[in-house]
Amino acid sequence: MRNTFAEVLYELAKDDPRIHIVVADISPAGSMGKFREEFPERFINVGVAEQAMIGICAGLALKGMRPFAYTIATFALYRPFEMVRDDLGYQNLPVTVVGIGGGVIYSTLGGTHYAQEDIAVAGAIPNMSIIAPCDPVEATEATRWLVAREGGGPVYFRFGKAGEPTLTGPDSDRWEFGKLRYLRRGEDVAVLSYGVITKMAAEVADALTADGNSVSLAVCHTLKPLDTAGIADLLRRHKRVIVVEEHAPQGGLAPQTKQIAWDIRAECDLHTFTLKDEFVHCYGSHEDILAAHGLSVERILATVRG
Amino acid sequence: MTATPGHNSFDPAASRKRCMQYRRRILDISQHVSALHAAGAFSCMELTDTCYHGLMRPDGQDTFLMSKGHGCMAQYVILEDRGVLDRKHLDDYCTAHGILGAHPDYGNPGIEASTGSLGHGMAMAVGMAIAERNKAGGSADAGAIYCVLSDGEVQEGSTWEAFMMASTLGLTNLVALIDNNDFQSLGRTSETHPSFYPLDEKLEAFGWETAIVNGHDAKAVYDAVAARKGGKPFCLIGRTTKGKGVSYMENVPIWHYRSPNPEEYAQALAELKEIAS
């Protein structure tokens with residue numbers, strides 16, 4: 001996903017001198033390296049100095065540029081939080097804060113590297129939008145949109161890292177900022193997710209389909225502004241809705257879906273699966289950490305099959 | 001590429017006259033609001049005036065950034081004098097029907113960035129300087145950024161992150177002016193944090209060219225920036241007095257916030273005169 005992003009941005013930067021990348025000591029591998037070589041004046045490595053990364057992006061945007069701040073999610077969003085809030089949110093500047101490894105993807109690195117509450121943190125800032133692509137194709141669509149948009153404020157762009165499978169396809173609804181999209185449509189059960197864990201949601205959808213259900217799989221790539229109408233429609237159209245989310249129980253998609261369900265007096269069954277409100281001290285694969293939080297295909301199926 | 005002042009007509013006598021009138025105007029406004037930050041504005045009055053009336057080129061390609069947001073009254077009265085802000089804007093300062101608050105707000109006329117929380121301005125100034133340099137294709141005509149900082153905010157780590165990047169990137173179109181009044185809320189910096197000094201040596205070690213002058217001597221400020229060797233970002237350290245111009249405000253911490261009562265106001269007006277260099 002991050003390599004796709006770098007490649008798309010590199011291609012767009014050839015024709016758009018507003019694009020600047022400000023990184024905090026991230027290895028410029030792949031296309032990021034090509035960007036640095038061809039546009040050295042627009043590739044700025046601040047070193048291990050994330051407050052400067054955000055402030056410099058704000059200064060660039062105040063002078064008409066389209067900067068992308070780029071580092072590991074915890075360091076992109078948490079370390080310089082007040083700069084993100086004041087410099088980007090308060091001034092409503094078109095800066096994209098790219099957070100690599102949102103959720104608990106950096107599984108062996110421990111809690112210091114888990115951005116498990118990033119949607120809640122970024123979403124609390126006025127003017128801030130949040131996009132979390134589920135696969136490299138969505139990352140491409142979103143990156144193109146970020147460059148092409150005319151105005152707008154800051155965006156927190158929650159990424160995975162490398163090697164995510166492609167989950168979207170020609171039958172998926174087209175990508176549109178702020179709109180939930182269906183990757184497949186059914187009538188009984190809907191599985192709703194976003195980001196890298198959509199892979200697990202797809203496996204849940206597959207298993208429920210094999211059980212004989214007609215299953216929808218939808219992704220909510222834009223977490224803010226949330227597609228309230230789209231979620232309300234999904235809740236109305238299905239008898240059972242399952243939300244799978246790699247984020248703390250507070251402030252993410254799951255509680256907001258519950259809120260919408262209450263507001264519209266939804267009649268479906270609603271199951272939500274999120275990370276726990278805990279720091280788990282477990283060091284293994286991404287799947288191991290998710291399982292330690294109670295997120296696995298088996299557990300979700302055991303719960304929803306009753 | 002250097003931030004060479006665009007015209008040589010800077011008149012120190014006119015600056016002294018302006019700064020006295022600006023202080024009067026700030027005192028006038030002080031009679032309508034309680035929180036004014038008058039002392040911090042008086043401290044950076046000459047530094048700010050020298051930027052607007054001497055260093056910045058008249059055709060608008062240079063940028064002023066008030067990183068010490070609480071000094072914005074100094075900026076507001078200059079913007080009013082130059083017709084960027086209206087008299088009514090200042091008369092409605094800190095009222096629900098006005099647009100100006102006690103810190104600069106991006107989007108208001110003449111305000112290039114929102115500040116108020118200390119330690120944000122320098123990195124934004126660095127970003128602006130990169131953008132101007134890239135827009136100019138690296139030419140010597142690139143827009144220059146003049147950024148006024150408080151000495152207190154130079155304690156913020158974020159300011160040093162930005163200092164480091166400014167010299168690393170060779171931003172010669174960047175000028176920082178530190179309002180070194182040696183005061184912060186809990187007292188004299190030289191007493192509470194003696195390791196803060198020497199400041200010029202620290203900045204030079206971070207790759208900047210520096211000069212220390214009397215920050216209330218506009219000619220000295222102007223000449224020091226104009227005479228810089230160049231090739232590096234430049235930092236002028238202005239030795240200043242918090243509350244400069246009103247005896248009872250000078251170096252008395254409570255005037256960071258307080259506005260004078262009618263008797264104090266009358267005394268301040270009677271005292272104000274042109275500050276000799």
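This is a predicted model: local features need pLDDT of at least 70, side-chain atom pairs count only at pLDDT 80 or more; totals for chains, interfaces and linings use all residues.
Chain A holds 12 helices and 12 strands, and its C-alpha atoms occupy a box of roughly 55 × 40 × 35 Å along the principal axes. Chain B contains 11 helices and seven strands. The box filled by the C-alpha atoms of chain B is roughly 55 × 40 × 35 Å, again taken along the principal axes. With 277 residues, chain B would have a radius of gyration near 19 Å as a compact globule; the value found is 18 Å, so chain B agrees with that expectation.

Within chain A, the domain assignment sets out domain 1 (2–158) and domain 2 (181–305). The C-alpha centres of domain 1 and domain 2 of chain A are 26 Å apart. Domain 1 of chain A brings 26 residues to the contact, and domain 2 of chain A brings 30 residues. Together the two domains of chain A bury about 2100 Å² between them, with 57% of this area coming from carbon and sulfur atoms. On the side of domain 1 of chain A, the residues that lose the most area to domain 2 are A:V104, A:Q116 and A:C134, which together account for 26% of what that side buries.

Polar links also cross this boundary inside chain A. Between domain 1 and domain 2 of chain A there is one salt bridge, and a salt bridge joins the side chains of A:E138 and A:R181, with an N to O distance of 2.9 Å. The two domains of chain A also share 16 residue pairs in polar contact, both residues being at pLDDT 80 or more. On the side of domain 1 of chain A that touches domain 2, the elements giving two or more residues are α6 (118–123) and β5 (129–131) of chain A. Of these, α6(A) supplies the largest share of that side, four residues. By residue type, this side of domain 1 of chain A comprises 13 nonpolar, nine polar and four charged residues.

The next stop is the meeting of the two chains. Here 25 residues of chain A touch 26 residues of chain B. The area buried between chain A and chain B is about 2000 Å², and carbon and sulfur atoms give 63% of it. Three residues, A:L62, A:K63 and A:Q91, supply 30% of the area that chain A buries against chain B, more than any other three residues.

One of these residues, A:K63, also takes part in a salt bridge with B:E132, where the closest N and O atoms are 3.3 Å apart. The count of salt bridges between chain A and chain B is one, while 12 residue pairs are in polar contact across the chains, both residues at pLDDT 80 or more. The side of chain A that touches chain B draws two or more residues from each of β2 (43–45), α3 (50–62) and α5 (81–90) of chain A. The greatest contribution to that side is made by α3(A), with nine residues. Sorted by type, the residues of chain A on this side are 12 nonpolar, six polar and seven charged.

Methods. Residues are numbered from 1 along each chain as its sequence is written. Chains are lettered from A and ligands numbered from 1 in the order in which they are written. Side-chain values use heavy atoms; hydrogens and water are left out. Domain bounds come from an automatic or database domain assignment. Contact means heavy atoms within 4.5 Å. Buried area is the accessible area (1.4 Å probe) that two parts lose on being put together, summed over both. A salt bridge is a side-chain nitrogen of Lys or Arg within 4 Å of a carboxyl oxygen of Asp or Glu. A polar contact is a pair of N or O atoms within 3.5 Å; within protein, one must be able to donate a hydrogen and the other to accept it, and residues adjacent in sequence count only if both atoms are side-chain atoms. Ala, Val, Leu, Ile, Met, Phe, Trp, Tyr, Cys and Pro count as nonpolar, Asp, Glu, Lys and Arg as charged, and the others, Gly among them, as polar. The radius of gyration is taken over C-alpha atoms; the globule rule is 2.2 Å times the number of residues to the power 0.38.
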